[in-house]
Amino acid sequence: MQSYPIQIGYLGVGRYLPPNILTNAHLERMVETSDEWIVQRTGIHERRIMGEGESVLSMATAAAREALDRAGISANQITDVRVGVNTHLRWPSLATMVQNELGIDDGTASDISAGCSAYIFCVDSIYQKMMTEWLLEGKKSYALAIGVDGLSLITDWTDRQTCVLFGDGAGAAVIGPVESGGILATTTRAQGKYGDLLYLTPYIKPSLDDPEKMTFHTRTGTIEPLIYMEGRKVFPVAVRSMMAEIKTVIEKHNRISGESLTLDDIEYVIPHQANHRIVSAVAEGLKLPLEQVYSEGVVKYGNNSAASIPIGYVENIGKRPGALEVDVAFGAGFASGAILRRNPS
Ligand code: ACO
């Protein structure tokens, strides 16, 4: 097995899911749909929705606290907080607000918006930075990568094509030097040309050649942002992109390390829980049995966007010591990415 001069990986993971459950039966009373249709097309049975007192900030902070506890790291040892989020529609950044909630006095913090792949983008940027600082400055540090979304805030509850898909939640990981296992490679990509297939209404529609239209949107502040998605067109690109990202991250690792890993060496995949059919199609395309692909999250929690991968980590704690695993995501933008990791032995 190839070994890097330094090893960076996960020291602890955590998550937060609101206790409030929205079942398919509830949705049947809200829009013209059925439990049978939702389960057959998406695999989703229920999802969590934020209630009173809950917010993207409270969820992100709770997930971060759980990750810090599991890592045995105090908040003040964290010098970088990165939050992948698409539903923090205000200033300052959510990462700085989490930093404040956790009582972190110094360091850096920022948000990343990259659709449902935002958590992967956070890990990618933390990993690249830590590698550079360690190799060039001999500096070792700890960071928090958080994926959180409150999609219920921007869901059009009258649109049956989208409202059945989404749920709220947060997941987090403490990243730092590890004794065994760790991150082997990361990759990210974006395909802006597909922007009009999945977007939040006020942000994409204003025309750049029509300043009045932009002004109208910003001044009134009365237009509620709502998700628009052309599901049928999104589906095949999502499947193709996730398959491609898995191959890309393995190839990248092989280039760096001189190893010759193939898909056969991957023991488990944690894909973004977009919906069960997408997850199954990726598994089928890669000729991986479904038992080697995390698919339980979407059944219980729906599509949690940036949070779904770190939420999945918590259900896999301690499983498959020493195994090679890939996390892969795809979302609006169409931003996609993957992480190749080895579990601690
Ligand atoms: N209940 C009942 N009927 C419905 C519902 C519903 N909730 N939604 C749509 N229908 C109807 C449609 O109106 C249509 O009826 P028609 O044939 O009479 O016109 C029929 O069901 C089929 O609709 P489609 O939209 O073609 O259904 P499809 O099989 O494509 O499934 C779905 C829809 C589940 C959204 C699918 O396209 C999909 O999974 N797309 C990927 C979307 C996704 O997961 N995006 C997330 C990735 S990015 C991110 O995570 C943000």
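How much space lies in the largest pocket? About 1,100 Å³, in this predicted model.

**Figure 1. Centre of the largest pocket.** The view is set on the residues closest to the pocket centre: F166, L198, I227, M229 and V234. They belong to a lining of 45 residues. The space inside comes to about 1,100 Å³.

**Figure 2. Lining of the largest pocket, by class and element.** Which helix gives the most to the lining? Helix α9, spanning residues 231–257, does, with 5 residues. Domain 1 (8–179) supplies at least three lining residues, and so does domain 2 (185–196 + 230–342).

**Figure 3. Centre of the second largest pocket.** This pocket holds about 420 Å³ of space. Its lining has 23 residues. Nearest the centre lie Y10, I317, G318, N343 and P344. Two elements each give two or more residues to the lining: β1 (8–16) and β13 (335–342). Strand β1 gives the most, with 5 residues.

Figure 4. Where does the second largest pocket lie relative to domain 1 (8–179) and domain 2 (185–196 + 230–342)? It lies between them, because both domains give residues to its lining. By class, that lining divides into 9 nonpolar, 8 polar and 6 charged residues.

Technical notes
Residues are numbered from 1 along each chain as its sequence is written. This is a predicted model: local features need pLDDT of at least 70, side-chain atom pairs count only at pLDDT 80 or more; totals for chains, interfaces and linings use all residues. Side-chain values use heavy atoms; hydrogens and water are left out. On a 1 Å grid over the protein atoms alone, a cavity is a set of points where a 1.4 Å probe fits but cannot get out, and a pocket is an open set with protein on both sides within 12 Å along at least five of seven lines; lining residues have an atom within 4 Å of a point. Grid points are joined across faces, edges and corners, and a volume is the space filled by probe spheres set on the points. Helices (H or I, at least four residues) and strands (E, at least two) are DSSP runs, numbered from the N terminus. Domain bounds come from an automatic or database domain assignment. Ala, Val, Leu, Ile, Met, Phe, Trp, Tyr, Cys and Pro count as nonpolar, Asp, Glu, Lys and Arg as charged, and the others, Gly among them, as polar.
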